[in-house]
Amino acid sequence: MGDESVGYSAFAKTVSSRAEQSFVVLDDTICRYVEAHEREFAELVEIGGVATAEDADAVAAIVGAEPEVVAATLAELAASAAGDRPDEHGRTDFGFGPLRPPYRVVRSIPALFHTQGGVVVDDAGAVVDADGRSVRGLYAAGGVAAGVSGRDGAAGYSSGNGLLTAIGLGRITGRHAAAQTVGQR
């Protein structure tokens, strides 16, 4: 378990730190909500990638864990969601309240889809070499350029930062490169 409310980028570190595999356990209410708002998840449900478990024992069988551990974990989560005890991961917002059976279980596989940050660029988007000099004619923007993810990588990332640097720095870089090209004619 962990605090999934930190966002998908920051939570990826928790998921990827698992030696084997991770699972997401939700209930029908949350499953229907996510299906309605996330096309990829709806497709996953449609192809059978989300299992149904009638109780904690069935969840344990799906995830390969001890039934007592799963039952205790679900009970602790329910107590925290109901406000009867503090959550061990610091969560305070449980949105839909305690999970209710039947549960839905989906395997979570961490994957790297893109990088956040890369080469250092100057104010015009020109790549800067190891000596701090701009490399004439070599530009970078978006995920190739050093980004704004924050000190701790994914934990400092906000949705849209990749688009921000792709569009914002891309425009600055394109205009600068075009001006340099016109000046060379």
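Strand E2 and strand E3 (residues 103–108) pair in the antiparallel sense, with three bridges between them. Two strands count as paired if DSSP finds at least two bridges between them. Thr52 stands opposite Arg104 in E3. Helices (H or I, at least four residues) and strands (E, at least two) are DSSP runs, numbered from the N terminus.

Please keep in mind that this is a predicted model: local features need pLDDT of at least 70, side-chain atom pairs count only at pLDDT 80 or more, and totals for chains, interfaces and linings use all residues. Residues are numbered from 1 along each chain as its sequence is written, and side-chain values use heavy atoms, with hydrogens and water left out.

## The chain as a whole

The protein chain has six helices and five strands. Followed along the sequence, they give the pattern α-β-α-α-β-α-α-β-β-β-α.

Of the 185 residues of the protein chain, 25% count as buried; buried means under 20% relative accessible area, exposed over 50%, and partly exposed in between (1.4 Å probe, protein chains only). Among contacts between residues at least 6 apart in sequence, 61% join residues at least 24 apart. Contact here means heavy atoms within 4.5 Å.

## The three-stranded sheet

E2 and E3 belong to an open sheet of three strands, in the order E1-E3-E2, with antiparallel pairing. Strand E1 (22–27) and strand E2 (51–53) are the edge strands, each pairing on one side only. From one strand to the next, the twist averages 35°.

Helix H2 packs on this sheet and touches E1 and E3; its direction makes about 100° with that of E1. Such angles run from 0 to 180 degrees between N-to-C directions, and axes are lines fitted to C-alpha atoms, for helices over the stretch in contact.

## Helices H2 and H3

The axes of H2 (residues 28–37) and H3 (residues 39–46) come within 5 Å and cross at roughly 120°. That angle makes H2 oblique to H3 (under 35 degrees is roughly parallel, over 145 roughly antiparallel, 65 to 115 roughly perpendicular, and the rest oblique). The crossing is left-handed, meaning that the near helix is turned anticlockwise from the far one by less than a right angle; clockwise would be right-handed.

On the H2 side, Cys31, Val34, Glu35 and His37 meet Arg39, Phe41, Ala42 and Val45 of H3. The residues of this contact divide into five nonpolar, one polar and two charged. Ala, Val, Leu, Ile, Met, Phe, Trp, Tyr, Cys and Pro count as nonpolar, Asp, Glu, Lys and Arg as charged, and the others, Gly among them, as polar.

## Helices H4 and H5

For H4 (residues 56–63) and H5 (residues 67–81), the axes come within 8 Å and cross at roughly 120°. That makes H4 oblique to H5, and the crossing of these two helices is right-handed.

Ala56, Asp57, Val59, Ala60 and Val63 in H4 meet Pro67, Val70, Ala71 and Leu74 in H5. By class, the contact of H4 with H5 has eight nonpolar residues, no polar ones and one charged.

## A cis bond and a hairpin

The loop between H5 and E3 holds Pro102. The peptide bond from Pro101 to Pro102 is cis, with omega near 5°.

Further along, strand E4 (residues 126–128) and strand E5 (residues 134–139) run antiparallel and are joined by two bridges. Ala126 has Tyr139 in E5 as its bridge partner. The hairpin of E4 and E5 has five residues between the strands, and Gly132 there takes a positive phi near 85°.
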